[in-house]
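Let's take a walk through this model together. Keep the viewer open and follow along.

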Amino acid sequence: MTVLDHRHHTAVPGWLPGATAPRTDPAPLLPDPAPVRVLGTPALEKYDPVLLRELYRRLVVGRRYNQQATTLTKQGRLAVYPASTGQEACQVAAALVLEERDWLFPSYRDTLAVVSRGVDPLEALTLLRGNAHTGYDPRATRTAPLCTPLATQGPHAVGLAHAARLSGEPAVALAMLGDGGTSEGDFHEALNFAAVLQAPVVFLVQNNGYAISVPLSAQSAAPTLAHKAVGYGMPGRLVDGNDAPAVHAVLAEAVERARTGGGPTLVEALTYRVEAHTNADDATRYRTGAEVEAWREHDPILLMERALRELRVLDDELVRDAAEEAEALAARMRAEFHAEPELDPMSLFAHVYAEPTPQLREQAAQLAEELAAEAEVQP
Amino acid sequence: MTTAVSPAAPARTASMAQALNTALRDAMREDPTVHMLGEDVGALGGVFRITDGLTAEFGPDRCLDTPLAEAGILGTAVGMAMYGLRPVVEMQFDAFAYPALEQLFSHVAKMRNRTAGRLPMPITVRIPYGGGIGGVEHHSDASEAYYASTPGLHVVTPATVADAYGLLRASIASDDPVVFLEPKRMYWGKDGFDPAAPVEPIGRAALRRTGTSAVLITYGPSLPVCLEAAEVAKAEGWDLAVLDLRTLVPFDDETVCRVVRSLGRAVVVHEAGGFGGTGAEIAARVTERCFHHLAAPVLRVTGFDIPYPPPMLEHHHLPGVDRILDAVARLQWED
């Protein structure tokens, strides 16, 4: 008995042995006919107020985190910052939906999810500050390094989830991707492997409308990105990515399915990248201000505030507490990022291999000499 | 350190393919975290039968037939390694490994470094490589230079049955990623090996033939060609040593330089094209380190800088005995 027993051939009635007749009814895999929404609908009343308040708090803190990181970049304190401003609902829901035993596989735009999962901002942002590739211990919070080559973290999530399943641990991997990433071969291979292995993975595609400058219409002709799931034999879900309880609910359902042996899910969250791709980008070259303004009206925090006020879940005290927490985080980020990071040039050779090769020892000695010479000139 | 020219009292005789199979089986028996994955590695036992019987013994959870997608295979192995497994990946042919290069270069090779040592990648990527088997297009590339020039990877290539076993065991046991290049035209050659022999560390060259005139520095599929050339050279009055690198990364500067200094003349031989090939690196290293011991420039005998030719023409491309002896003749003996 193995976990891969499901892969055995099953005879298809009326077909030759080994024939590839349709194996799955595609209907149950089709994504939701319209993006799932909770805010502003009667469904909201069924939600746990504790969860709603927690989502709100994280959204507010997350927005401030994005703003502060963007400002620090303009001040030259970060090398580059791909903001998730406007996408905070996806970021905080992804972090909140996972348990400690689960793994998060973020892309470079997902530092907020990483911070929301519990990684210190100073450690989460070393990649974008430029002082270290990965500043946190991925094992400590089960958070993979921020992945820059698009969609290449997808197969990692599959492999990890598969290994966890083989070991009997009911852990789930959640991979965060963008709309542009769905065009990459690794996206396809990850989803295919996940479905074939029935690995406990959830793929969250934050469709923010643009891959740097290229709109989705130039990226894909699929009915929705969620429809791609059907081709792999896994369910696709479509959700309003700015509706935090909706994102949380759809992800929670997918995580639960994965954890209980139901296999992978592809979730497409419709959202918008309010800021440019990074500080180095000029978004006015490819989109209109009217479009951005329309999305500002569909802002995840705005939607949340409006709905929770109506529901009387949000009170002035929570608003004040969240704002204070956000300001405290921003102040800490300013203080910490204005201090110069400690850099050790000799660390360059520390982790290329478990043990440095003889050649790297020679090169390390060369750098040590260069550093000593520099120190003599500038004591 | 160098090893003896011929191992003493081998415990059994086997083909290189069988020795590799035994190495995989022994590693999987000893260590439950060793997992094999690749295309056709299950019921078929791999197109070269290197994984023969592994799924039967260990089940599909340990020896997995994957979908046909090399980046997906290696990317999945990365995730498995992150979880604590020790994956062994089979790429079906040299040129079919290229879809996985991004995973290899951007993740497998860099993961330890980019996580400050927190996520090591104990992955072995087995790749049958090189020509000489009459393979059609995309089945005969000597692709070692791509891997050898990528920091973070070890690059190992056995040229004897004993090394096929010992170096594969060492590669699987390594906590760093190893690109394990199997010279596919040597799969069926038989020799003795002793599975109980101590596993040698990777990174050590082996002097396969002692000589007094010059040294042929080579590895993998070119070793038998060099040994034959050395035999033929006796009639020309040259007594050639043959040095088998066994490992391209880490490179055994110590042994290579010791042999070159003692002889003063060296020719590097490999199948891959010369431009930007490992021979260029070796010639440069030897020249930088042994210049005053050299009686002649270090020469290279390589394949041409062309896409791998159709099988009916490949013998013109591959370095043969004559091309090697021509190079030896150009080692400025008149001085």
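## From a covered helix to the interface

What covers the buried residues of helix 12 in chain B includes strand 10 (214–218), helix 8 (222–233), strand 11 (240–244), strand 13 (266–273) and strand 14 (299–303), all of chain B. Bear in mind as you look around that this is a predicted model. The buried residues in question are B:I324, B:L325 and B:V328, and helix 12 itself spans residues 321–329 of chain B. Look down the axis of helix 12 of chain B and its buried residues fall within an arc of 95°, so they line one face of the helix. Turn to the face of helix 12 of chain B that points away from its buried side, and you'll find the exposed residues B:D322 and B:A329.

Carry on past that helix and you reach B:Q332, in the segment after helix 12 of chain B. B:Q332 has a positive phi of about 55°, although it is not a glycine. With 13 other C-beta atoms within 10 Å, B:Q332 is partly exposed.

Chain A has a positive phi to show you too. A:I212 is not a glycine, yet its phi is positive, at about 50°. You'll find A:I212 in the loop between strand 4 (210–211) and strand 5 (214–215) of chain A. A:I212 counts as partly exposed, with 13 C-beta neighbours inside 10 Å.

As for peptide bonds, have a look at the one that joins B:V249 and B:P250: it is cis, with omega about 0°. B:P250 sits in the loop between strand 12 (247–249) and helix 9 (253–263) of chain B.

Now for some helix packing inside chain B. Helix 1 (residues 16–30) and helix 7 (residues 161–173) of chain B have axes that come within 8 Å and cross at roughly 30°. Angles under 35 degrees count as roughly parallel, and helix 1 of chain B and helix 7 of chain B are therefore roughly parallel to each other. Their crossing is right-handed. On the helix 1 side of chain B, the contact is made by B:M16, B:A19, B:L20, B:T22, B:A23, B:D26 and B:A27, while helix 7 of chain B brings B:V161, B:A164, B:Y165, B:L168, B:R169 and B:I172. By class, the residues of this contact between helix 1 and helix 7 of chain B divide into ten nonpolar, one polar and two charged.

Zoom in on B:I172, which has its place in helix 7 of chain B. Is B:I172 buried or exposed? It takes 20 or more other C-beta atoms within 10 Å to be buried; B:I172 has 26 and is therefore buried. Leaving out residues up to four places away in sequence, B:I172 touches B:A27, B:V34, B:R86, B:V88 and B:T124.

Helix 1 of chain A passes helix 2 of chain A in a right-handed crossing. Among the residues that make the contact are A:L55, A:R58 and A:L59 of helix 1 of chain A and A:V92 and A:L96 of helix 2 of chain A. The contact of helix 1 with helix 2 of chain A has six nonpolar, two polar and four charged residues.

Finally, on to where the chains meet. Here 36 residues of chain B are in contact with 36 residues of chain A. On the chain B side, helix 3 (70–83), helix 4 (101–108) and helix 5 (111–114) each supply at least two of the residues that touch chain A. The largest share of that side, ten residues, comes from helix 3 of chain B. The residues of chain B's side divide into 16 nonpolar, twelve polar and eight charged.

How values were computed: Residues are numbered from 1 along each chain as its sequence is written. Chains are lettered from A and ligands numbered from 1 in the order in which they are written. This is a predicted model: local features need pLDDT of at least 70, side-chain atom pairs count only at pLDDT 80 or more; totals for chains, interfaces and linings use all residues. Two residues are in contact if their C-beta atoms, placed from the backbone, lie within 7 Å. Helices (H or I, at least four residues) and strands (E, at least two) are DSSP runs, numbered from the N terminus. Ala, Val, Leu, Ile, Met, Phe, Trp, Tyr, Cys and Pro count as nonpolar, Asp, Glu, Lys and Arg as charged, and the others, Gly among them, as polar. A residue is buried if 20 or more other C-beta atoms lie within 10 Å of its own, exposed if 12 or fewer, and partly exposed in between; C-beta atoms are placed from the backbone. The arc is that of the directions from the helix axis to the C-beta atoms. Axes are lines fitted to C-alpha atoms, for helices over the stretch in contact, and angles run from 0 to 180 degrees between N-to-C directions. Angles under 35 degrees count as roughly parallel, over 145 as roughly antiparallel, 65 to 115 as roughly perpendicular and the rest as oblique. A crossing is left-handed if the near helix is turned anticlockwise from the far one by less than a right angle, and right-handed if clockwise.
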